[in-house]
Amino acid sequence: MEKRGFKWQIFLGILLLASVIGCLFLPRMQITGDRYLSMVMEVNRTAEKKDMEAARQAGTAEIIDNYERGTSKRAAKAYAYQKEINQALGVQENYITGIELVKWCFTREGSVRFQGIEMDSLLELKWSYVEEIFWLMGFLILLPSIMAGIVILVMLIRRKTQRFLMFVTGLLNVGINIVWLEVIPGMIWERVSDYIVSFDMIPAKVIQIEGMGEYSIRMILQQFAAQGYYMNFVTGGALVMAALLYWTVWRPYSKEDRQEELFIDAAAEADPVEQWEIFAANPLPEKQIQVRQPGEVITQPLDEEESIFPLQMAVKGYLHGVRGQYAGYDFEIEPGEEIVLGRDNAYCDVVFASPQISRRHCGIRYDELTGRYRIIDYSVTGTTMSNGKVASAGSYTMANPGTIVYLGGEQEAIRLG
């Protein structure tokens, strides 16, 4: 189980999550004349495969021959497009970062006009017709970063790797990028198909071929996709892989300490609903704790330094109240079970009234194979022992029978065995 403090798994998780946020500031779309021509060529070739006769009548063969990569006409056309793009964008970099694209999606209004798109002269495409689609696009870009920020805060506060949340964030990142190319184009075309006649170098007859309008928009989004889009895929996949490795070979805890996952860090004083969800698999109130009243005789504990052998082991462990509220009382511990001591009767087996003791102060287990006890601290004030050791909050501390466990600054004393 993870001990308090930061392990390399946490740093790696935070780094990957921060990379998701960083993708917002990378180029999301890079709009160049050459990329537009690549999109045009792909659309016209696909049109020929779908409907050769209609495509040939539209002049696709001539477009493909004249503007194939490497021809002088393509270079000149790409240069002309580039000048128009630079003028339209007002920049020289020809790219739009994720955060700029989000802002554009959320703030556009009025008529929708794009360079190189021929609209029906009798109809005007208003922003309100596609407003919901572009808002959705902006939200999809922003959502993984919001999720990553939340998970980073949780990891910093809890100081634990949030494997499930990392896994969900990674899947969300990958899924949104797939939706961007596979779902969004169809949604856009459904809203604009009545208004768009053709794209530059994609004739109207090509657009009229079934499915080619939506395909054209998909190719625009695909060809203009830049580093930020692809980095989203990479970081999403890396988060999924890291989470899976944290569950397997990079487990930040040992199998022996697996049980600690069932408990909440007492220092966080989690709310009752969260605690109930964690304890629901094995509710503590169902335990049957055997208590011996003061005056009853039990086997005397061995000295702390006395060696213990398996054949001498008792079947059950015992706790004996030495000082405080349970002085003279004895409690039995079944092998494999953990008795929780604390102030909250909803989740503790031995309940104390002292305000110096935490709601869940510590847990004690008995190992029937070695005859020793294991103590784990859940408290804010700490759990000390007569052998000079202090119970750890991240793993179980071993103690021999006869050791006295102090709670609430030695106000309460419990002997092991």
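Let me start with the hairpin of β14 and β15, where four residues lie between the strands and G408 takes a positive phi near 65°. Keep in mind that this is a predicted model.

β14 covers residues 404-407. Which way do its side chains point? In a regular strand the side chains alternate between the two faces of the sheet. Here, I404 and Y406 point one way, V405 and L407 point the other way, and all are buried.

β14 also pairs with β12 (residues 384-385), running antiparallel to it and joined by two bridges. M385 is the residue that stands opposite V405 of β14.

Now to another sheet, an open one. Its five strands come in the order β9-β8-β10-β11-β13, with mixed pairing. β9 (350-351) and β13 (397-399) are at the edges; each has a single partner strand, so one side of each is left without a neighbour in the sheet.

Within this sheet, β10 and β11 are antiparallel and share six bridges. I364, for example, stands opposite I375 in β11.

Between β10 (362-367) and β11 (372-377) there is a loop, and G371 sits in it. Is G371 buried or exposed? Buried means under 20% relative accessible area. G371 counts as buried because its relative accessibility is 5%. Its C-alpha atom is 7.5 Å from that of N400, although G371 and N400 are 29 residues apart along the chain.

Technical notes: Residues are numbered from 1 along each chain as its sequence is written. This is a predicted model: local features need pLDDT of at least 70, side-chain atom pairs count only at pLDDT 80 or more; totals for chains, interfaces and linings use all residues. Side-chain values use heavy atoms; hydrogens and water are left out. Buried means under 20% relative accessible area, exposed over 50%, partly exposed in between (1.4 Å probe, protein chains only). Two strands pair if DSSP finds at least two bridges between them.
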